[in-house]
Amino acid sequence: MTAKRRLTLATFAGLLLACGGVFGEDEPAPAPDHSPDHSPGRITDPPPVVEIPTPEPLETPPGPDAPSQTTALVTAEGRRPSWAPDGLCEVPQIANKDEAFREAGGSSPGALTDGLLLCDVTMSETPPKGRKWDLFGNPPDPSVQLTIDGERQGQACASDTMNAILSWPNISISPNGKLKLSAQDVDMRRHDFAGVDVQIYEGQFPVDLRADHFRASCRALTPEQVAPRLTASIDRARQSVAGLKRTLTPEPLEDDWGFDEASANQTQRSISMVAGYTGWTDGRVGG
């Protein structure tokens, strides 16, 4: 080995000894640096992928025949809807009252609780003071108010008839209770009072009443007898409501974009017939 090569090796060895080796004996080697290098031209690792949840699909809007979120036929908050008769004809009437009256027959329910009262009312041929009931000799428009033990149950009415079966829902009366009917003929200017009568309910029907210018025979259906009739009436009303929704076809050139008038009137009548069994405050009608 030449002197020049030995000098070079010696010099390098001395440097190692002076520096304590490549890394000092007391100092561990530094951990590798994994921090990103943002120097120009340096390719860095991509940022972590954030998974975005897939949104839930939108629900398909319900069709006209889809069941309502509420069981009520009208959203009247337990009140009589604005289109329903009030005043002298405030009590909604059931359908097929003749048939219901025959079914009621003579019964002895004892105490009647939440039953349907039906009264066959006949106006006299001769009105008060011997004059005609209505102008041009037309039949009267009887309006009859029912009172049970001093508590008013509402007025039911009919139009242009000498005889009508009228109904009242949710009637309760105990033996020895007082059943009172007050009748009049409804006219445009003034009403003709036909009389009033009170009878004691002895725990059985019929209860017969008579006054100067009307007579009545009252019977009742128990809640058990009412139930199948009510179910059928609700089904008919729901079908009518669904059919009414299908008739709504906006006409941009018309002022009124509402429902077909005839269909709307029929639907209102079908809902009123349900209320005839339950009253307007029942949740199945105006919850």
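## Disulfides

In this predicted model, a search of the whole structure finds two disulfides. When the bonded cysteines of the chain are numbered in sequence order, their pairing is 1-3, 2-4.

One of these disulfides joins C89 to C157, with an S to S distance of 1.8 Å. The torsion about this S-S bond of C89 and C157 is about 115 degrees, so the disulfide is right-handed. Because C89 lies in the loop between α1 (3-19) and α2 (97-104) whereas C157 belongs to strand β3 (residues 151-157), the pair ties together parts that are 68 residues apart in sequence. C89 is partly exposed, with a relative accessible area of 29%, while C157 is buried at 17%.

C119 and C218 also form a disulfide, with their sulfur atoms 2.1 Å apart, and this link is right-handed, with 110 degrees about the S-S bond. The pair connects distant parts of the chain, C119 in strand β1 and C218 in strand β8, which are 99 residues apart. Both C119 and C218 are buried.

## The four-stranded sheet

Four strands, in the order β4-β1-β8-β7, form an open sheet with antiparallel pairing. Its edge strands, β4 (163-173) and β7 (207-210), each pair on one side only, and neighbouring strands of the sheet are turned by 20 degrees against each other on average, direction ignored.

Strand β7 pairs with β8 (residues 214-221) in the antiparallel sense over four bridges, and V207 stands opposite C218 in β8.

## Helices on the sheet

Helix α3 (residues 223-246) packs on the sheet, where it touches β1 (112-123) and β8, and its direction makes about 85 degrees with that of β8. Helix α4 (residues 261-278) likewise packs on the sheet, touching β1 and β4, with its direction at about 50 degrees to that of β4.

Note on methods. Residues numbered from 1 in each chain as written. Predicted model: local features only at pLDDT ≥ 70, side-chain atom pairs only at ≥ 80, totals over all residues. Heavy atoms only, no water. Pairing = 2+ DSSP bridges. Helix = DSSP H or I, 4+ residues; strand = E, 2+ residues; numbered from the N terminus. Axes fitted to C-alpha atoms, helices over the stretch in contact; angles between N-to-C directions. Contact = heavy atoms within 4.5 Å. Disulfide = S-S within 2.5 Å. Buried < 20%, exposed > 50% of the residue type's maximum accessible area, 1.4 Å probe, protein only.
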